[in-house]
Every structure is written in structure tokens, then in C-alpha cells.
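Welcome! Please take a moment to look at the structure below, and then we will walk through some of its features together.

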Amino acid sequence: MSEQTMRAVWCEDFGPIEAMTIQTVPRPAPGAGEVLIKVRAAGIGFVDLLIASGRYQVKPPLPFAPGSEYAGEIVGLGEGVTAVSVGQRVIGWGFTGAFAEYAVAPAAGLTVIPDSLSDADAAGFRVNYGTAYHGLVDRGRAQAGETLLVLGAGGALGSAAVQVGKALGLTVIAAASSADKRDYALSLGADAAVDYTAPNWREALKGLTDKLDLVFDSVGGAYAEPAFRSLAWGGRHLVVGFAAGTIPALPFNLALLKGADLVGVDYARFGIFHQPAKNLANTKVLLDWVESGKLQPLPGKTIPFADFASALGAVAGRSAVGRLVLDLRHEA
């Protein structure tokens with residue numbers, strides 16, 4: 001393979017996982033203010049499936065390599081870049097580009113990886129923990145002593161919300177669809193767990209708390225309304241995503257009767273378009289928590305680059321427990 005090419009998971013058109021293949025494509029070159037990064041590991045998230053299928057709010061120009069976050073080493077600098085240097089390990093993120101051997105990113109948006117984090121730990125850290133922190137702190141106004149329900153607590157984003165919630169001093173109830181996922185969330189520090197696929201799950205939830213202040217909801221579907229109905233007066237329901245596959249319709253009178261907030265959490269727009277400086281400040285808080293031991297990043301299960309389709313399938317089918325990471329260390 002020449003220095004002008006690379007291997008990448010490639011989307012020629014929006015479609016299902018089966019439409020994506022690993023191809024040899026031109027290697028990107030950094031422009032002014034950008035850097036070239038040799039990707040070592042890439043986090044896999046539900047949002048990557050949405051973008052690749054054309055179901056996300058932002059549709060990137062075709063063709064492209066999917067993947068929204070990665071960890072790697074800077075190997076090239078564009079004009080005017082002085083804040084970072086060749087050889088530094090960094091986290092890069094955006095809407096696309098992670099599932100490839102090389103990626104280009106604006107230097108101003110990078111996060112330098114501390115020595116305490118491996119590439120696999122760093123890949124997916126900023127998006128998952130950043131979303132949880134932004135949702136709970138910036139949007140949810142979480143206060144120590146409040147009670148949080150995390151829907152989808154066994155997945156990468158939900159498990160990050162469990163950990164961030166505990167770091168903020170919240171009582172955390174983990175809602176997940178299988179015993180393995182519930183046990184996993186409990187091992188991360190959740191105070192209790194509930195099966196939100198059970199017909200009487202709201203009754204089970206009432207047995208765990210008499211005052212539910214926050215819902216972190218990356219699932220949507222049929223589970224959103226029962227969760228909203230369970231909120232206490234003045235509660236906040238954080239709308240993070242729709243992993244269940246359907247967007248729920250909420251009767252507005254519920255918000256009125258409960259004095260409750262339905263709060264949108266769009267981490268990508270917040271961090272890339274609207275408040276990038278605040279996002280970098282949030283990331284610094286999270287990394288400070290890691291350095292102090294207040295937060296221990298989840299070890300990602302590494303998947304060989306060639307097996308990307310099976311990893312994406314596990315995320316799509318919601319069978320993955322915890323975080324999945326594509327391993328590109330052995331790629332050319």
C-alpha cells in the first residue's frame with residue numbers, strides 16, 4: 001500500500017451494514033489548522049449506524065468512512081498548527097472518519113490522551129462520557145442526592161451515564177433488558193437495577209424510589225413515556241437517542257401535570273457547532289476525574305478491524321454489553 005492510500009470502512013451510499021466494505025481509498029491530507037492522525041482504535045456507537053444509514057440529522061457527503069471517535073497518533077501537521085505536535089496521542093471526533101487507518105481533524109478540537117489511558121480506553125471516551133456529563137450537568141442540572149434512572153444502562157453510553165451519575169453523587173437506578181446488562185451496570189456502581197422490558201416495570205421502579213428526579217434516555221420507543229410518567233414534580237427527562245428504533249410521542253399534559261422538563265441532549269451539535277470551548281472544558285473535568293480516580297473508564301472490548309460488520313451488528317441488535325472498540329493497531 002502506498003503512502004497516498006489507506007484502508008477504510010467505506011460507505012458509497014447510505015444503507016445497511018451489509019452495504020459497507022473495507023476498501024483501499026485515498027489517504028486524507030491535513031489542510032490549514034488540521035492534523036493527520038494514524039488511527040489506533042475507534043469507538044463504535046449507535047450514532048455511527050444512524051449516520052451510515054442516512055437516518056441521522058446530519059448527512060455527510062458521500063462517499064465517507066463512518067465512525068465518530070478515535071484514538072491515535074499525530075503523524076502530520078497542516079499549515080499554522082502549533083498547539084500540538086507530531087507523535088502526540090490524541091482523541092479525535094466528528095461525524096465521520098474514525099473507521100479508517102488515517103483521519104484528518106481540526107487541531108483545535110483535539111484532546112491529548114493522558115499516559116494513564118490506553119488507546120482502547122480513550123477511543124469512545126469523549127463521546128460517551130462527554131454526552132453523559134453534558135446531559136446530566138449542563139442540560140439536566142443534576143444535584144448530589146437526586147435520583148437518576150438510566151435507560152439502556154448496559155450499553156456504552158448508558159454505562160457511562162451510570163458512572164458519571166455516581167461521580168456526581170446521584171443515586172442511580174439502571175434499567176436494562178437482560179440480567180447480564182443489569183449485573184454489569186451494578187458492577188459499575190449503580191445502586192439498583194430494573195428490567196424495563198417487564199410488563200410491570202414501573203411498579204418495580206416505584207419500589208426502588210419514591211422520588212425520581214432525572215431520566216437519562218438513549219432508548220426512546222415504548223419505554224420513554226412510562227419513564228416520564230415516573231418522574232417526580234420538577235423532574236427532567238433527558239432525550240439522548242432512540243436506540244429502540246422508534247421516536248416516542250409524549251402527551252404534553254404529562255409535562256404540565258408534573259411540572260417536568262423534556263430536555264434535548266445533542267452532544268454533537270453542542271460540542272462541534274455551538275459550544276466547542278465548553279465541551280473541551282467538560283472533557284478536561286472528566287480527564288481530571290480519571291487522573292484523581294473519581295472516574296474509571298470502562299475497558300472496551302476490542303474487535304479486529306476486519307470484523308467491523310459483526311461489531312456494528314451487535315450494536316444494532318443491542319446485544320453488546322459495555323463498549324466495543326475497533327482495533328486498528330496492526331493495520332498498515
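Let us begin with aromatic rings: Tyr 56, Phe 95 and Phe 273 are linked into a cluster by ring pairs. Keep in mind that this is a predicted model. The points below are grouped by topic.

**Aromatic rings**
- Across the whole structure, a search finds nine aromatic pairs.
- A pair of aromatic rings is described by the distance of the centres and the angle of the planes.
- A charged side chain also meets a ring: Arg 27 lies over the face of Tyr 102, at 3.9 Å from the ring centre.

**Helices H9 and H10**
- Two packed helices are described by the angle between their axes and the distance between the axes.
- For helix H9 (residues 267-274) and helix H10 (residues 276-292), the angle is about 115 degrees and the axes are 6 Å apart.
- On the H9 side of this contact you will find Tyr 267, Phe 270, Gly 271, Ile 272, Phe 273 and His 274, while H10 brings Pro 276, Lys 278, Asn 279, Asn 282 and Thr 283.
- Sorted by class, the contact of H9 with H10 has five nonpolar, five polar and one charged residues.
- Which residues of H9 are buried? They are Tyr 267, Ala 268, Phe 270 and Gly 271.
- These buried residues of H9 pack against strand S5 (89-93), helix H3 (125-139) and H10.

**Helix H11**
- Phe 308, Ala 311, Leu 312, Ala 314 and Val 315 are buried in helix H11 (residues 308-316).
- After H11 comes Arg 318, which has a positive phi, near 60 degrees.

**Backbone features in loops**
- Leu 62 and Pro 63 are joined by a cis peptide bond, with omega about -15 degrees.
- To find Pro 63, look in the loop between H1 and strand S4 (69-77).
- Arg 141 is a residue other than glycine with a positive phi, near 55 degrees.
- The place to look for Arg 141 is the loop between H3 and strand S8 (147-151).
- Is Arg 141 buried or partly exposed? Arg 141 has a relative accessible area of 44%, so it counts as partly exposed.

Technical notes
Residues numbered from 1 in each chain as written. Predicted model: local features only at pLDDT ≥ 70, side-chain atom pairs only at ≥ 80, totals over all residues. Heavy atoms only, no water. Axes fitted to C-alpha atoms, helices over the stretch in contact; angles between N-to-C directions. Helix = DSSP H or I, 4+ residues; strand = E, 2+ residues; numbered from the N terminus. Contact = heavy atoms within 4.5 Å. Nonpolar A, V, L, I, M, F, W, Y, C, P; charged D, E, K, R; others polar. Phe/Tyr/Trp six-rings, centres within 6.5 Å; stacked < 30°, edge-to-face > 60°. Lys NZ or Arg CZ within 6 Å of the ring centre and 35° of its normal. Buried < 20%, exposed > 50% of the residue type's maximum accessible area, 1.4 Å probe, protein only.
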